[in-house]
Amino acid sequence: MDAIREYLLRIAAAALICSILTAITGKKGTLGTVVKLVSGLLLTLTVVSPWTAVRFDGILDFAGDISADADAAAASGENAALEAYSAIIKEETEAYILDKADSLGTELTVNVLLEGDSPPVPVSVELGGSISPYGKQVLSNLIEEELGIGQEDQIWTGQP
């Protein structure tokens with residue numbers, strides 16, 4: 001009876017993890033599609049795995065197998081979602097800075113460095129290209145005020 005209870009708890013836990021990941025990433029776009037696919041696979045593995053690995057001589061061992069499979073699938077899904085989420089934050093931050101530079105009439109290259117896990121945040125930025133001292137000061141202040149990246153964490157290089 002404990003094995004059935006654990007099986008149902010694992011299904012509930014997998015469903016909860018999937019719903020949290022879906023809520024975090026949204027339901028639209030490429031990331032949403034990937035998360036829905038990974039969530040579906042996780043739930044399918046969680047539901048089906050005990051029935052594909054049942055051995056009548058070791059019926060009590062299947063709970064451990066389910067746990068390991070579910071944990072591995074959940075970790076894999078969480079890592080994939082975090083990587084995709086980090087990529088989106090990085091791209092959006094770089095696009096924001098490029099848009100502001102473009103509004104100043106400047107063409108720059110931008111590389112943002114993220115740190116942290118939940119959620120990852122921009123901590124430094126490397127900017128390359130020709131920019132006037134006034135434009136550099138305006139953009140530097142904007143990056144500090146809007147994105148929270150201090151001027152000491154803004155690395156300005158020459159040509160792109």
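User: What makes Met1, Ile4 and Leu8 a nonpolar surface patch?

Analyst: In this predicted model, Met1, Ile4 and Leu8 make a nonpolar surface patch of about 380 Å². The term is used for residues with over 30% relative accessible area and no salt bridge, with nonpolar side chains (Val, Leu, Ile, Met, Phe, Trp, Tyr) joined within 5 Å and like charges joined within 9 Å. The area comes from the Shrake-Rupley method with a 1.4 Å probe, and for residues only the protein chains shown count as cover.

Residues are numbered from 1 along each chain as its sequence is written, and side-chain values use heavy atoms, with hydrogens and water left out.

User: Why is the pair Arg10 and Glu6 called a salt bridge?

Analyst: A salt bridge is a side-chain nitrogen of Lys or Arg within 4 Å of a carboxyl oxygen of Asp or Glu. For Arg10 and Glu6 the N to O distance is 3.7 Å, and the pair is a salt bridge. Arg10 and Glu6 are four residues apart in helix 1, so they are separated by about one helical turn. In general, side chains of opposite charge can pair when their charged atoms come close. By this rule the count comes to two salt bridges.

User: What makes Lys90 and Glu94 a salt bridge, and is each of these residues buried or partly exposed?

Analyst: The closest N and O atoms of Lys90 and Glu94 are 3.1 Å apart, and the two residues form a salt bridge. Lys90 and Glu94 are four residues apart in helix 3, which means that they are separated by about one helical turn. Buried means under 20% relative accessible area, exposed means over 50%, and partly exposed lies in between, with a 1.4 Å probe and protein chains only. Lys90 has a relative accessible area of 26% and is therefore partly exposed, whereas Glu94, at 15%, counts as buried.

User: How do you know which residues Glu94 and Val110 touch?

Analyst: Contact means heavy atoms within 4.5 Å. Leaving aside neighbours within four places in sequence, Glu94 is in contact with Val110, Asn111 and Val112. Val110, not counting residues up to four places away in sequence, touches Glu94, Ile97, Leu98, Val125, Glu126 and Leu127.

User: What makes the group that includes Val110 and Ile97 a nonpolar core?

Analyst: A nonpolar core is a set of buried Ala, Val, Leu, Ile, Met, Phe, Trp, Tyr and Cys residues joined through side-chain atoms within 4.5 Å. The largest has 12 residues in all, among them Ile89, Ile97, Val110, Val112, Val125, Leu127 and Ile143. The elements that give two or more residues to this core are helix 3, strand 1 (109-115), strand 2 (121-128) and helix 4 (133-147).

User: Why is Leu31 called buried, and how far in space is Leu31 from Ala80?

Analyst: Leu31, in helix 2 (residues 29-52), has a relative accessibility of 11% and therefore counts as buried. Leu31 and Ala80 are 49 residues apart in sequence and 9.7 Å apart in space, C-alpha to C-alpha. Ala80 is found in helix 3 and, with a relative accessible area of 34%, is therefore partly exposed.

Definitions and conventions:
This is a predicted model: local features need pLDDT of at least 70, side-chain atom pairs count only at pLDDT 80 or more; totals for chains, interfaces and linings use all residues.
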